[in-house]
Amino acid sequence: MSDLAHHDVHESTGVENRKLGMWFFLSSEFLFFGALISNYLLFKGQVPTTDALHPVQFYDIPFTSISSFVLLMSSLTMVLAHHALHEGDQRAARTWLFTTAGLGLTFLAGQFFEFSEFVIKGAGLDVLPVWSSFFVLTGFHGAHVFLGVVMLLTLFATSVRNGELSEAQGLNVELVGLYWHFVDIIWIVIFTIIYLIP
Amino acid sequence: MAENATMPTTKMYVRIALLLAVLTGIEVALFYIVELTAMTQGLANPLLIGLAVAKFLIVVGYFMHLKYEKPLLSRTFAIGAVLAGGLYTVVIADILLG
């Protein structure tokens, strides 16, 4: 994969253009999620935490902790996929890509279950502004995870169809990996700021 | 691929993941310590934020390979992180100062 650098390196930066573009995109995503998290923090303060409708009264920390653990471990499987491809082990790369997608889907299923529980217990988009901001924030994060799963499964399908991932597709694995790890670090922030700090 | 040739091995990636799992466990334990003991939220919050920052840096540095990449990429990423951090600071200051 390091040979790719010869094909697509920006003359003045020495970094692949697509890779540099991905880092710029991820940097801008910080502000996107930063705005959504700030929005939640502002609305959270408007309702006392002792209020029966405050999100803090709804959170299931053990369940969300397991979801967080699943997403964290998907970062490990993602980096192992990338590492296996770098080592030329196509079969292992394919397996790890599929495992990562599976862990992503598990996280999404957990989020769907959590949202359903909240709605059954009386939460909703139009119940309180803090709930709107919660669902928008975690929903957008879930949408990012879903997009990541689609990209992972596309890479997996390409690998199965062609029997291997080419060098060019190897760069795609690296870019999808960067995106996937970013989704993970955003969840690290969400889990602490939204769930663990009342 | 990252610039530096001395990339982590599979064993090292697994060790890093275990460390991340342990840090997450400590975070959750801290949450319950506050719930069940006299430990104040004011004491726990900086610890929780510190643990989250540590996990964040580990993932970015080792899994995203930023530790091994050209400084240009670190600076690019830092711009967004610093601006988002500034936004949090302003919001939290606004909440604390009423």
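This is a predicted model: local features need pLDDT of at least 70, side-chain atom pairs count only at pLDDT 80 or more; totals for chains, interfaces and linings use all residues.
1. Helices here are DSSP runs (H or I) of at least four residues, numbered from the N terminus.

2. Ala, Val, Leu, Ile, Met, Phe, Trp, Tyr, Cys and Pro count as nonpolar, Asp, Glu, Lys and Arg as charged, and the others, Gly among them, as polar.

3. Helix α4 (residues 90-120) of chain A has 31 residues and reaches 45 Å from its first C-alpha to its last. Its buried residues include W96(A), L103(A) and F118(A) (buried: 20 or more other C-beta atoms within 10 Å of the residue's own). The buried residues of α4(A) pack against α3, α5 and α6 of chain A. Just after α4(A), G122(A) takes a positive phi of about 115°.

4. The axes of α5 (residues 129-162) and α6 (residues 167-196) of chain A come within 10 Å and cross at roughly 155°. The two helices are therefore roughly antiparallel (angles over 145 degrees). The residues of this contact divide into 13 nonpolar, seven polar and no charged.

5. Residues are numbered from 1 along each chain as its sequence is written, and chains are lettered from A and ligands numbered from 1 in the order in which they are written. Local features need pLDDT of at least 70 and side-chain atom pairs count only at pLDDT 80 or more, while totals for chains, interfaces and linings use all residues.

Key. Axes are lines fitted to C-alpha atoms, for helices over the stretch in contact, and angles run from 0 to 180 degrees between N-to-C directions. Angles under 35 degrees count as roughly parallel, over 145 as roughly antiparallel, 65 to 115 as roughly perpendicular and the rest as oblique. The expected span of a helix is 1.5 Å times one less than its number of residues. A residue is buried if 20 or more other C-beta atoms lie within 10 Å of its own, exposed if 12 or fewer, and partly exposed in between; C-beta atoms are placed from the backbone. Two residues are in contact if their C-beta atoms, placed from the backbone, lie within 7 Å.
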